[in-house]
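Take a look at the sequence and the model, then read on.

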Amino acid sequence: MNPLTDILNGWKARPLPVASLMMLCLMLSLLTGSELWMLEKASSEADTLLQAWPQDASTLLLPAQPNPEKLIELTQRLPAGSWYGLRINASTAWVTGTLPPDFFTGQGNGFSPQDLHAGEMAVYLSAYAYPQQIPGGLFPFENQAFRIYGVGQFPLSVDKVIPLRSQTASIAELQQLKIALPASTVEPLIKEFLQWQNIQLIDHREKQQLAQAGFQKLKRILTGITIAVALLIAVLLQALYQAELRERKTEFALRRALGATPQNIRNQILGEALLGSVLPCLLGYLFFLPLVPLAPLLSAMILAPAWILFCATLPAMQAAKLIPSEALKGE
Amino acid sequence: MNSPRMELKGVYRHFETPSGNLQVLQDVNLQLFADDRIVLFGPSGCGKTTLLHLLALLDKPSTGTLLFQGKDTAPLTEKQRCALRAHELGMVFQQFHILPHHSVRDNVRLRTRYLQESASLDQRCEQLLEDMGLMPHAEKPARFLSGGEKQRLCIARALLVQPSLFLADEPTGNLDANNAEKVKTLFDDISRQGAAMIIATHDERWLEFATRFFYFEQGQLKERPL
């Protein structure tokens, strides 16, 4: 007799336990699939946040009406030859004087956000508008040389501008400038400046660490839930298998009487468990196919039936050890 | 004289129970030859089924020796015992023990799952279904058979491999007189095919079928001349 036919006929004999087993497997796949989806979602959110925040950079948020004199004073207090930048909300950027039209668009300047290096202090100046578009606006760094350090997509995001102590740098020259001042030098000055202006300093490194810690925490929680669910299902499966094997004691004894070895019995139970778990697990995980990347989903598709097999191993071994004469006398 | 198919020498079998040791078989000695039709007689609980299970290699003696075709079965591995059960032994159980949702044919062929070579048994299976009058029900789930048909199914299942030792536990215990007579005729045919046979029963009508007659007395197997 074909082993598959044997298993399918056996299922017909026990529709309720088999349905319960399949429901448990479906539950396992749906729960773990949901957790994978949540992890993926959290991971992509964290990635988005981390990408939005430049690595190793701080942002100085200016108040609506920053005091240009104070900013200039701060600039002057920096060590000679050093540079720094400020990030200003576009809607409140003060622009004075005239800058080249492509200054903020970044056309041809050749810089990118990757130019930021670990340990450097970067403060960005952002502006939507060309200076020409806000005629008469104030720019706090008038008479300063500026370096376009990196440029976002105009006009939706923020340009990065570094004011320099140098009075004469052209864009071409600025492209040659190297970042020189570590964050540890600039940061105390900025912090001091903040005390005058009541300006909030947001350190992206802290945010990044917080985001990473938050994500790790979420990951731990979801992993904990997955383990708890897997254990719960293991307990339920054990109970289900124990009850089922008690019911099927005579069948296994009969098979033993007809020549089945303990290994045959064990393999039959494991085969039934595998067949009974693969289909509902596949079904459950297919539901998450559009939501979760393939790699973790494939791992789950392998791990879930493997877990069911693991849960079935102990009852299968018990059934294999059954003494046929006792079971056949039992009825 | 032929060597015995099976031989029991000083076999004891006891079971641990909450109330102590239950001695079921005591110093059982038996030689079973190819042409034997042994009827084991005795009331329920006297040890008939225990003896049949020992002979079917489903159980092991507490002490004593059980020889199959001259070889001691004690040192056999479980796998070797299973192979002997699959190829050499046929047993009919009192309670049928069928797989109710499998077809009648699949029930008869169940043993083939545990045999290395089973292709040649397809024809044998069809022949047995025909001989037992089960062919019209071959595809039906076995649970739909009547008591007599179930018994015939069990006999067909036991005979699939043409066993050298055929054991039957109360083969007519659940049957009416008409079906019981049919079973007896079948057993006669089986015996003619060369299987040594032991029938455990408390139905005295089997005595006319027997070539040897045994009964239990306080766990001891005693032979009475016919």
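## Where the chains meet

Let's start with one pair: Arg113(B) and Asp6(A) join their side chains in a salt bridge, with N and O 2.3 Å apart. This pair runs from one chain to the other: Arg113(B) sits in the loop between helix 3 (104-109) and helix 4 (121-131) of chain B, while Asp6(A) belongs to helix 1 of chain A. Keep in mind as you go that this is a predicted model.

Why can such side chains pair up? Side chains with opposite charges can do so when their charged atoms get close to each other.

How many salt bridges does the rule find across the interface of chain A and chain B? There are 2. Glu78(B) also takes part in a salt bridge, with Arg256(A).

| Salt bridge | N to O distance |
|---|---|
| Arg113(B) with Asp6(A) | 2.3 Å |
| Glu78(B) with Arg256(A) | 2.4 Å |

If you search the whole structure, you get 21 salt bridges over all chains.

On the chain A side, the elements that give two or more residues are helix 1 (3-13), helix 7 (249-257), helix 8 (262-286) and helix 10 (324-330). Which of them gives the most? That's helix 1 of chain A, with 7 residues. Sort the residues on this side of chain A by class and you get 11 nonpolar, 9 polar and 7 charged.

Now zoom out to the whole interface. Here 27 residues of chain A touch 25 residues of chain B. Between them the two chains bury about 2500 Å², and carbon and sulfur atoms give 62% of that area.

How do you spot a gap inside a protein?

In the whole structure, the search turns up 2 cavities of 30 Å³ or more. The largest cavity holds about 110 Å³ of space. It has 13 lining residues, and those nearest its centre are Arg14(A), Leu21(A), Tyr241(A), Glu244(A) and Glu272(A). Helix 2 (15-52), helix 6 (204-247) and helix 8 of chain A each give two or more residues to this lining, and helix 6 of chain A has the largest share, with 4 residues. By class, the lining comes out as 9 nonpolar and 4 charged residues, with no polar ones.

The second largest cavity has a volume of about 70 Å³. Its lining takes in residues from both chains, among them Ala257(A) and Leu258(A) along with Arg85(B), Phe93(B) and Arg111(B). Strand 6 (residues 89-92) of chain B provides the largest share, 3 residues. This lining splits into 7 nonpolar, 1 polar and 2 charged residues.

Technical notes: Residues are numbered from 1 along each chain as its sequence is written. Chains are lettered from A and ligands numbered from 1 in the order in which they are written. This is a predicted model: local features need pLDDT of at least 70, side-chain atom pairs count only at pLDDT 80 or more; totals for chains, interfaces and linings use all residues. Side-chain values use heavy atoms; hydrogens and water are left out. Contact means heavy atoms within 4.5 Å. Buried area is the accessible area (1.4 Å probe) that two parts lose on being put together, summed over both. A salt bridge is a side-chain nitrogen of Lys or Arg within 4 Å of a carboxyl oxygen of Asp or Glu. Ala, Val, Leu, Ile, Met, Phe, Trp, Tyr, Cys and Pro count as nonpolar, Asp, Glu, Lys and Arg as charged, and the others, Gly among them, as polar. On a 1 Å grid over the protein atoms alone, a cavity is a set of points where a 1.4 Å probe fits but cannot get out, and a pocket is an open set with protein on both sides within 12 Å along at least five of seven lines; lining residues have an atom within 4 Å of a point. Grid points are joined across faces, edges and corners, and a volume is the space filled by probe spheres set on the points.
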